[in-house]
Amino acid sequence: MAFDGTWKVDRNENYEKFMEKMGINVVKRKLAAHDNLKLIITQEGNKFTVKESSTFRSIEIIFELGVTFNYSLADGTELSGAWALEGDKLVGKFKRLDNGNELNTVREIIGGEMVQRKQSKV
């Protein structure tokens with residue numbers, strides 16, 4: 001599968017604007033910009049296991065495509081949503097549990113590099 005492997009997220013497009021719209025304060029935004037996120041992804045059919053490690057935490061997330069689950073960001077923000085495969089892209093659509101703001105993330109492999117794009121709707 002295209003996403004299987006160990007990835008360092010070198011490009012995190014729209015991250016600063018995304019965090020601001022999500023209501024994350026400026027200090028946390030500055031810290032998060034340097035979190036050195038690494039992902040180890042394995043896929044078996046529709047089931048994904050993602051091991052995230054960064055400057056701030058290490059966590060393992062197991063999910064199935066299209067199945068809603070709860071997830072916490074490194075700052076403790078609680079989300080609920082699901083991931084889907086759309087062509088060659090892994091697309092996550094989540095909502096903050098405290099204020100309903102939407103968080104959308106697209107992960108794709110471009111030129112052997114994992115690129116992550118984030119968007120938020122308030």
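The legends below describe several close-up views of one predicted protein model.

In this predicted model, local features need pLDDT of at least 70 and side-chain atom pairs count only at pLDDT 80 or more, while totals for chains, interfaces and linings use all residues. Residues are numbered from 1 along each chain as its sequence is written, and side-chain values use heavy atoms, with hydrogens and water left out.

View 1. The protein chain holds two helices and ten strands, where helices (H or I, at least four residues) and strands (E, at least two) are DSSP runs numbered from the N terminus. Read along the sequence, these elements follow the pattern β-β-α-α-β-β-β-β-β-β-β-β. Of the 122 residues in the protein chain, 39% are buried; buried means under 20% relative accessible area, exposed over 50%, and partly exposed in between, with a 1.4 Å probe and protein chains only. The chain exposes about 7,000 Å², and carbon and sulfur atoms supply 50% of this area, which is computed by the Shrake-Rupley method with a 1.4 Å probe, only the protein chains shown counting as cover for residues. Among contacts (heavy atoms within 4.5 Å) between residues at least 6 apart in sequence, 34% join residues at least 24 apart.

**View 2. The largest nonpolar core.** A nonpolar core is a set of buried Ala, Val, Leu, Ile, Met, Phe, Trp, Tyr and Cys residues joined through side-chain atoms within 4.5 Å. The largest one here has 20 residues, of which Leu39, Ile41, Phe48, Phe63, Phe69, Trp83 and Met114 touch the most other members. At least two residues of this core come from each of strand S3 (38-44), strand S4 (47-53), strand S5 (58-64), strand S6 (69-72), strand S7 (78-86) and strand S8 (89-96). In soluble globular proteins, nonpolar side chains tend to be buried together. Not counting residues up to four places away in sequence, isoleucine 41 touches Phe3, Asp4, Gly5, Trp7, Phe48, Thr49, Val50 and Met114.

**View 3. Aromatic rings that pair.** Rings of Phe, Tyr and Trp (its six-membered ring) pair if their centres lie within 6.5 Å, and planes under 30 degrees apart count as stacked, over 60 as edge-to-face and the rest as tilted. The structure holds five such aromatic pairs. The rings of phenylalanine 63 and tryptophan 83 are stacked, because their centres are 6.0 Å apart and their planes stand at 25°. Since phenylalanine 63 lies in strand S5 and tryptophan 83 in strand S7, this pair ties together parts that are 20 residues apart in sequence. Phenylalanine 63 is buried, with a relative accessible area of 5%, and tryptophan 83 also counts as buried, at 8% relative accessibility. The rings of phenylalanine 69 and phenylalanine 94, with centres 5.7 Å apart and planes at 85°, form an edge-to-face pair. This second pair links distant parts of the chain, with phenylalanine 69 in strand S6 and phenylalanine 94 in strand S8, 25 residues apart. Phenylalanine 69 is buried at 15% relative accessible area, and phenylalanine 94 is buried at 5%. Ring pairs link Phe48, Phe63, Phe69, Trp83 and Phe94 into a cluster.

**View 4. Tyrosine 71 and its surroundings.** Tyrosine 71 has its place in strand S6 and counts as buried, at 15% relative accessibility. Its side chain makes a polar contact with the side chain of glutamate 52 at 2.8 Å; a polar contact is a pair of N or O atoms within 3.5 Å, where within protein one must be able to donate a hydrogen and the other to accept it, and residues adjacent in sequence count only if both atoms are side-chain atoms. Leaving aside neighbours within four places in sequence, tyrosine 71 is in contact with Glu52, Arg57, Ile61, Thr77, Glu78 and Leu79.

**View 5. Strand S6 and its partner S7.** On S6, Phe69 and Tyr71 form the covered face, whereas Asn70 and Ser72 form the uncovered one. S6 and S7 run antiparallel and are joined by four bridges; two strands pair if DSSP finds at least two bridges between them. Asparagine 70 stands opposite serine 80 in S7. The hairpin of S6 and S7 has five residues between the strands, and in it glycine 76 takes a positive phi near 95°.
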